[in-house]
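My entries follow in the order I made them.

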Amino acid sequence: MNAITPRETLITLAQAGVRNGGRTLVEGVDLTIARGEIVTLIGPNGSGKSTTAKMVTGVLKPSMGTVARKPGLTVGYVPQKLTIDWTLPLTVDRLMTLTGRHGTNEIAAALDAVGASRLRHAAVQELSGGEFQRVLFARAMIRKPDLLVLDEPVQGVDFSGEAALYELIRRIRDTTQAGILMISHDLHVVMAETDTVICLNGHVCCRGTPNAVKTSPEYLRLFGDRSGTGLALYQHHHDHEHHDDGCVVGAEHGHEHAHHHHEHGEHHDAR
Ligand SMILES: Nc1ncnc2c1ncn2[C@@H]1O[C@H](COP(=O)(O)OP(=O)(O)OP(=O)(O)O)[C@@H](O)[C@H]1O
């Protein structure tokens, strides 16, 4: 990003925390997200990642500290799970209109932006995990949010699908300049494009650039020994154009493998 023009701050949490029924779920969270910035929350189960994300979306009010939003801030949210009645037929098209009225062109543009145009008339029940995530992205993007909150966006998606989703997130950031708050499903992997990693454990245990967190004694003390690998950066190398669904081959599923390769000529997205 341009170092001269400071990016507009979208949201600031200052010493924010949530108490519920006499229990502190998370506390002392300082966090800012600027336009075009990617912030990733990591931490073990129950460490307060979702609770922090909910303070950002506004679903939960802080019981300690403050949350300040840019006036008129619009937030898009991609949930970890979506509660829908799987027994009823539901097309992607219909899913896109469940939470708001959107025109045909808007829906087409949103699906196109995530490489899911061909899925428009598909049954939601029949989508793969990665396809379903893309549709949820499109649903969140349709309102052109300033800030996108992604709750474990690649969980349950296989390795090539995971690479494609990370690529999609990067592209959304580049094209829309939305701020992105991402909850990582894996303690040991964050997207390399992440500007700031915040490691939670009921409070902020450490924070900084991925490289700084990777070598921070707090991180290593808490999580480093469990994997023996520390924090790996999920990196994407751009030496060519991608297909929309980011076909990836030849990659072993190992987080130490920061690089992977693409094969051309397959998996074209039919438009
Ligand atoms: N609605 C609630 N009422 C009471 N306690 C809750 C509620 N939601 C979450 N908690 C508790 O708050 C703590 C933080 O939970 P949170 O869901 O934020 O963690 P997380 O880091 O997102 O975990 P995970 O990785 O398992 O999704 C946990 O101890 C959890 O049991």
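**Notebook: a predicted model**

I began with contacts along the protein chain. Of the contacts with a separation of 6 or more, 68% join residues 24 or more positions apart. I noted that the model is a predicted one.

Next I looked up the overall make-up. The protein chain has 7 helices and 11 strands. It has 271 residues, and 40% of them are buried.

**Entry: the ligand**

Which residues surround the ligand? I listed Asn20, Leu25, Gly43, Asn45, Gly46, Ser47, Gly48, Lys49, Ser50 and Thr51. I then sorted this shell by class. I got 1 nonpolar, 8 polar and 1 charged residues. Which element gives the largest share of the shell? Helix α1, residues 49-57, does, with 3 residues.

**Entry: helix α1**

I stayed with α1 and checked how covered it is. The helix is mostly covered, with 7 of its 9 residues buried. The buried ones are Lys49, Thr51, Thr52, Ala53, Lys54, Met55 and Val56. Lys49 and Thr51 are also in the shell around the ligand. After α1 comes glycine 58, with a positive phi near 100 degrees.

**Entry: isoleucine 11**

I picked isoleucine 11 in strand β1, residues 9-20. Is this residue buried or exposed? Isoleucine 11 counts as buried because it has 24 C-beta neighbours inside 10 Å. The cut-off for buried is 20 or more.

I then looked up what isoleucine 11 touches, leaving out residues up to four places away in sequence. The list is Thr32, Ile33, Val56, Val67, Ala68, Arg69, Lys70, Leu73 and Leu147. Isoleucine 11 and valine 56 are 45 residues apart along the chain. Their C-alpha atoms are separated by 7.5 Å.

How many residues does the largest nonpolar core have? I found 69. Ala138, Leu147, Val149 and Leu181 have the most contacts inside it. Leu147 is also one of the residues that isoleucine 11 touches.

I followed alanine 138. Its contacts, apart from neighbours within four places in sequence, are Met96, Ala110, Leu111, Ala113, Val114 and Ala116. Alanine 138 is among the buried residues of α4.

Helix α4 covers residues 129-141, so I checked its span against the expected value. Its 13 residues reach 18 Å from first C-alpha to last, close to the 18 Å expected at 1.5 Å a residue. Of these 13 residues, 12 are buried. What covers the buried residues of α4? The cover includes β5 (75-78), α2 (92-97), α3 (104-113), β6 (147-151) and α5 (159-176).

Most residues other than glycine have a negative phi.

Glutamine 15 has a phi of about 50 degrees. This residue sits in strand β1, the strand that also holds isoleucine 11. Glutamine 15 counts as partly exposed because it has 13 C-beta neighbours inside 10 Å.

Glutamine 177 has a phi near 60 degrees. I found it in the loop between α5 and β7 (179-183). Why is glutamine 177 partly exposed? It has 15 other C-beta atoms within 10 Å, and a residue needs 20 or more to be buried.

Conventions. Residues are numbered from 1 along each chain as its sequence is written. This is a predicted model: local features need pLDDT of at least 70, side-chain atom pairs count only at pLDDT 80 or more; totals for chains, interfaces and linings use all residues. A residue is near a molecule or strand if its C-beta atom, placed from the backbone, lies within 6 Å of it. Helices (H or I, at least four residues) and strands (E, at least two) are DSSP runs, numbered from the N terminus. Ala, Val, Leu, Ile, Met, Phe, Trp, Tyr, Cys and Pro count as nonpolar, Asp, Glu, Lys and Arg as charged, and the others, Gly among them, as polar. Two residues are in contact if their C-beta atoms, placed from the backbone, lie within 7 Å. A nonpolar core is a set of buried Ala, Val, Leu, Ile, Met, Phe, Trp, Tyr and Cys residues joined through C-beta atoms within 7 Å.
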